[in-house]
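Here is a report on one protein chain and its ligands. Please keep the sequence and the model in view while reading.

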Amino acid sequence: MRGKCVLCLVAVVVLACGVQWVRAQEDEFDIQSSIYEHRMPLVHFNHLAHMDDYGYDCTECHHVYQGGENVWSDPDSDPVTCEECHNEPTTKNEKRLPLPKQKLNLKLAFHNNCIGCHRSYNHENNAQAAPITCQGCHTEKP
Ligand code: HEC
Ligand code: HEC
Ligand code: HEC
Ligand code: HEC
């Protein structure tokens, strides 16, 4: 009996910590990268909705590649901001950069990730719920 109670207590503490950890992050925020000057209104991103309401795994967006595998697992130790790796700052004619630079380009990393998924989601669901126009994402006037 005693043993069971201790186990329960441990479970409650672990659960509480888990919830705390999730709460410690912002549920939604404006994405504001520091490596370039913003010419567009900022993009408001509902992080929590993409996980809880739309049901995506962390690794749809977060990654660390090792031998071709995405091994991203721990938001406390693995990088979460895209610019930690995608640090090529060009925001004009970035598709004319040589391919290796394009892969490190920050604007393309965001656009390919966000718009790429939105396009295929709308296509597969014959829907328009996921924004693909500039004004659909760049909404936050300074
Ligand atoms: C699905 C959402 C989405 C759509 C649609 C989208 N963007 Fe973006 N865009 C982003 C995100 C996210 C960033 C990175 C945000 C940041 O750094 O603030 C970004 C960054 C940019 C940047 C570089 C940062 C800046 O403010 O100058 C430019 C330029 C840009 N987008 C232009 C456009 C244009 C033009 C269109 C329409 C043809 C467009 N975007 C459509 C999400 C989107
Ligand atoms: C649909 C894409 C997407 C999904 C799914 C996603 N994230 Fe994120 N996350 C982002 C983007 C974009 C940022 C901002 C990156 C930047 O500013 O460079 C971010 C930022 C973060 C941050 C730093 C900001 C903060 O709120 O503290 C953490 C931590 C994080 N994500 C953890 C997670 C975890 C854990 C999961 C899964 C449970 C997850 N993310 C799922 C796209 C996503
Ligand atoms: C730890 C470093 C790292 C971080 C952090 C990182 N990436 Fe990447 N990303 C890479 C590498 C490496 C590739 C693979 C490039 C290749 O194919 O050779 C890649 C590929 C991509 C691709 C596919 C290539 C392309 O340009 O279409 C997209 C999209 C992308 N990342 C978006 C993001 C977004 C969005 C974030 C932040 C939520 C992010 N990345 C964070 C390293 C990183
Ligand atoms: C893996 C797929 C996926 C990725 C990656 C993704 N989204 Fe979405 N997003 C969706 C879907 C699906 C919806 C619409 C869901 C619905 O309303 O039914 C959506 C809706 C939205 C909306 C409108 C509703 C809301 O939640 O505010 C915005 C704005 C948005 N996404 C921004 C972004 C930005 C910015 C990024 C990149 C940082 C991004 N999304 C990455 C799947 C994705």
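**Model and confidence**

This is a predicted model, in which local features need pLDDT of at least 70, side-chain atom pairs count only at pLDDT 80 or more, and totals for chains, interfaces and linings use all residues. Residues are numbered from 1 along each chain as its sequence is written, while chains are lettered from A and ligands numbered from 1 in the order in which they are written.

The protein chain has a mean pLDDT of 89 (pLDDT is the predictor's confidence in each residue, from 0 to 100). A value of 70 or more is reached by 83% of its residues. Residues 17-23 stay under 50 in pLDDT. For residues 17-23 the model has zero contacts beyond four places in sequence (a contact means that two C-beta atoms, placed from the backbone, lie within 7 Å). Where pLDDT is low, the predicted coordinates should not be read in detail.

**Fold**

The protein chain holds five helices and five strands. These are DSSP runs numbered from the N terminus: helices are H or I with at least four residues, strands are E with at least two. Their order from the N terminus is α-β-β-α-β-β-α-α-α-β. Buried residues make up 4% of the 142 residues. Here, buried means 20 or more other C-beta atoms within 10 Å of a residue's own, exposed means 12 or fewer, and partly exposed lies in between; C-beta atoms are placed from the backbone. Among contacts between residues at least 6 apart in sequence, 29% join residues at least 24 apart.

**The sheet**

Which strands make up the open sheet, and in what order? Three strands form it, in the order E1-E2-E5, with antiparallel pairing. Strands E1 (28-31) and E5 (138-140) stand at the edges; each has a single partner strand, so one side of each is left without a neighbour in the sheet. Neighbouring strands are turned by 55° against each other on average, direction ignored. The axes behind this angle are lines fitted to C-alpha atoms, for helices over the stretch in contact, and angles run from 0 to 180 degrees between N-to-C directions.

Two strands pair if DSSP finds at least two bridges between them. E1 and E2 run antiparallel and are joined by four bridges. E2 (residues 42-46) and E5 pair in the antiparallel sense over two bridges.

Thr 139 belongs to E5. Is Thr 139 exposed, partly exposed or buried? Thr 139 counts as partly exposed because it has 14 C-beta neighbours inside 10 Å. Leaving out residues up to four places away in sequence, Thr 139 touches Pro 41 and His 44. Thr 139 and His 44 are 95 residues apart along the chain, yet 6.9 Å separates their C-alpha atoms.

**Ligand shells**

A residue is near a ligand if its C-beta atom, placed from the backbone, lies within 6 Å of it. Ala, Val, Leu, Ile, Met, Phe, Trp, Tyr, Cys and Pro count as nonpolar, Asp, Glu, Lys and Arg as charged, and the others, Gly among them, as polar.

| Ligand | Residues around it | Classes in the shell |
|---|---|---|
| Ligand 1 | 23 residues | 12 nonpolar, nine polar, two charged residues |
| Ligand 2 | 17 residues | nine nonpolar, five polar, three charged residues |
| Ligand 4 | 19 residues | 14 nonpolar, four polar, one charged residue |

Around ligand 1, Ser 33, His 38, Met 40, Cys 134 and Cys 137 come nearest. E2, H4 and helix H5 (134-137) give two or more residues each to this shell. H4 gives the most, with six residues.

H2 supplies the largest share of the ligand 2 shell, three residues.

For ligand 4, Asn 46, Cys 114, Cys 117, Ala 129 and Ala 130 come nearest. E2, helix H2 (47-52) and helix H4 (106-125) each supply at least two residues. The largest share of the ligand 4 shell, six residues, comes from H4.

**Two loop asparagines**

Asn 93 lies in the loop between strand E4 (69-70) and helix H3 (99-104). Phi of Asn 93 is positive, near 50°, in a residue other than glycine. Asn 93 counts as exposed, with 7 C-beta neighbours inside 10 Å.

Asn 126 sits in the loop between H4 and H5. Asn 126 has a positive phi of about 50°, although it is not a glycine. With 6 other C-beta atoms within 10 Å, Asn 126 is exposed.
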